[in-house]
Structure formats: C-alpha cells, structure tokens
Amino acid sequence: RDIPRLRDVFAADFPIGTAVDRTDTVGVPAELAVQHFGQITPGNAMKWDATEPAAGQFTFAEADALVSFATANGMRVHGHTLVWHNQTPAWVFQDAAGQPLTNSPEHKALLLQRLESHIRAVAGRYAAQIYAWDVANEVIDEYQPDGLRRSRWFEVTGLDYLRTAFRVAHEVAPNAVLYINDYNTHLPRKREFLFSLVQQLRAEGVPVQGVGHQTHINVERPPVAQVEQSILRFANIGLQQEITELDMSVYGNAVDSYATVPPEIITAQGYRYRDLFDVLRRNKQHLSAVTMWGSSDANTWLKNFPIPRLDLPLFFDEQLQAKPAYWGVVDPSRLP
Ligand code: G3I
C-alpha cells in the first residue's frame, strides 16, 4: 500500500486509466482503482446490449453506477462504445418480422434511425460527465480489399453508419472528444487502412477527433518500435490519440496454456512493459491518456479468450499486489 500511485508516477506524462465493470468499483478492487488510476473506461456497461437490450428500453443502472464512482473519486470517464459489431442485440439488425435487415433504402433508413436514437439517449445522458467516447469500435478488417469490416452495420448502410454515429454524438455531446478505436493498429496494413478511413471521414467534415489504439499485445509481439511507428503515423494531423485497452498476455507463440506461469515470464513481462512505457513517455505529447484494460490479474478478459486459461496481463497480480509489470514502469531498478 505504500508503493507509488501510478497516477502520480505518470502525472507529468499522461492520465493513466483502467477499464472497470461494477465488481471493480466495490471493496478492495475499488481501493486499488482509486489509488492508482485517474480515469476509467466502462468495460461493458455502456455497450448496446447493456444500455438498450430491447428497442427503446434503456437500462442505465450499471453505467450510472460507474459514472457516479468516477465522479465521487475525481476520475475522468472515457465512454465505450456507441457502435460495434459485438455486444449489439439481435433486434437491432432485424425487421418487425424478425428477418435480417437488407441494404434496401427502407432498411438502411431504419437502421440509421435506430443508431441515431441510441446515441442520442446514451451519449446525451452523459454529455456532462464523459470527456471522450469510443464512438466506433473495430471497423477495420485488413483482410478485406478495401480494409472495411463487413459488419451488419456496413452491409446495410455502407459507411453511413459512421457518418451518422459521429454526427449525432457530436450534436448531443459537443464537448466529448470522439474516437475511432481499434486493435492491432500497429500492423502496417491495418494502420494504413485506418489512416485512410480517418482522413476520408475528416475530409467530409465527419467529426472524428481521436484515434484509439487498443494495444492488446503479448510478451513477444509486436516490437515496441511498431507501436511507436503507429503513434507517429497519426501524429500532427490534428487528431488526439490514446492507448485505450492496454494489456500484455503471457502467451507468445510457443505455449498454449500454463497451469502456473513461470516466474521468468512474469519478469520478462516487467522488462517489456518498461520498454513499452519508454516509448509511450517519449511520445507523451501525442497521447491524451493511457488506459489499462483492467487493474489486476484477478479480473481480465484474457482468462476467457481465446480459450479459457490462466493469463496474467496487468500491473497487479491476482492478490492485487504489485508485479514486475508495475515495477517495470515505476522503477525498473527493482526488477529482478
Ligand atoms: O454479464 C454476464 C453474466 O451475467 C454471465 O453469467 C457471464 C457468463 O459468461 O457472462 C457475463 O457477460 C460477460 C461480460 O464480459 C461481462 O463480464 C460476457 O460473457 C463476456 O463475453 C464479456 O466479455 C467482454 C468482451 O469485451 C465481449 O466482447 C469483456 O468483459 C470485455 O473486457 C471485452 O472488451 C473488449 C472491448 O470492448 C473492445 N476491444 C476488445 C476488448 C477485449 O475483448
């Protein structure tokens, strides 16, 4: 408990955040979050399946609780996420008879209407509390010739779902910084597709104001220099950038599953976090925040992905104690 608070350690660099679900905001996990992190991103509570499970029926209890937690503890809130192909209820993409929407003009108008009313309700509700929104999540698919993910959103509306989402979010939450957020943005092919899309939308006047690099990486890949190249690629074109979902799986290529993660892997993770944060600090003028995708290894999505297995990707261990990952960014001289 007497260790340096991350929010102090990075005070001269960038706000440091963490993803939270409701269970992270009570008891000891809440103490950990408040001690170390200056902002939160709701991990699930603001997604469509959580906020509008049935048409026009909005459920904000969980999201409200997280916003109250943040406000009470002086933390900023990064909203996540308004339009995504996952965690979106089936009804959104169905007609009144339960049939899939097509790309007919009527269906396209219906889907854009649903998107608009969803964003009006969700982004409008938190306009005073949320400083940035991941408006669009994971819209790039670098295996498509044009780089655009063939989601239901895209199949029905083309790129209009993005135009609508950013326009409406800007209208109802004019002070929020509006992000397009994606994973593997360090991959050159994917990065260039994202870059082109952002440039195109901005040239049209669509208010895309930030690029979020999720940064779900592992102990082997990618080289931190590649992360830096992507930050530099988006620098100086009038955009903000954030590292939005950082974690580092202990699994590289060689091993599928550990019953116990070898200590040398945990140590190597500490050195790699050190190297990564060297890059992030050196580029702090380009970064509006760095958010960890969770506070401790007790609660990480990687325990369910890509298969159920032990994973220890964060700064604090399953007992909420500081790991080599923490010391790598706070005081590397303490690494074994
Ligand atoms: O809430 C239910 C619970 O009632 C049920 O008993 C339990 C059984 O599986 O599931 C719970 O829901 C889970 C939910 O997390 C809340 O814990 C879902 O199954 C599970 O799929 C869901 O996973 C989330 C994942 O997105 C789903 O897409 C992770 O928590 C969340 O961290 C993860 O976050 C995403 C970002 O939004 C976008 N970028 C990638 C990132 C990691 O996948």
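1. In β5, Val-177 is the bridge partner of Ala-132, and 5 bridges in total join strand β4 (residues 130–137) to β5, the two running parallel. Two strands are taken to pair if DSSP finds at least two bridges between them, while strands (E, at least two residues) and helices (H or I, at least four) are DSSP runs numbered from the N terminus. The model is a predicted one, in which local features need pLDDT of at least 70 and side-chain atom pairs count only at pLDDT 80 or more, whereas totals for chains, interfaces and linings use all residues. Residues are numbered from 1 along each chain as its sequence is written.

2. β5 also pairs in the parallel sense with strand β6 (residues 210–213), over 4 bridges, and there Gly-210 of β6 is the bridge partner of Tyr-179. Between β5 and β6 the chain passes through helix α8 (residues 188–203) in a right-handed β-α-β crossover, that is, with the strands pointing away from the viewer, the path from the first strand over the helix to the second runs clockwise.

3. Why is strand β5 described as largely enclosed by the rest of the structure? The reason is that 5 of the 6 residues of β5 (residues 177–182) are buried, a residue being buried if 20 or more other C-beta atoms, placed from the backbone, lie within 10 Å of its own, exposed if 12 or fewer do, and partly exposed in between.

4. The largest nonpolar core has 75 residues, and those with the most contacts inside it include Trp-133 and Ala-169; such a core is a set of buried Ala, Val, Leu, Ile, Met, Phe, Trp, Tyr and Cys residues joined through C-beta atoms within 7 Å. Helix α7 (residues 160–172) gives the largest share of this core, 6 residues. Not counting residues up to four places away in sequence, Trp-133 touches, among others, Leu-82, Ala-169, Leu-178 and Tyr-179, contact meaning C-beta atoms, placed from the backbone, within 7 Å.

5. Val-83 lies in strand β3 (residues 76–83) and is buried, with 24 other C-beta atoms within 10 Å. Although Val-83 and Trp-153 are 70 residues apart in sequence, their C-alpha atoms are 8.6 Å apart, and Trp-153 is one of the contacts of Val-83 beyond four places in sequence, which also include Val-135 and Ala-165.

Note on methods: Contact = placed C-beta atoms within 7 Å.
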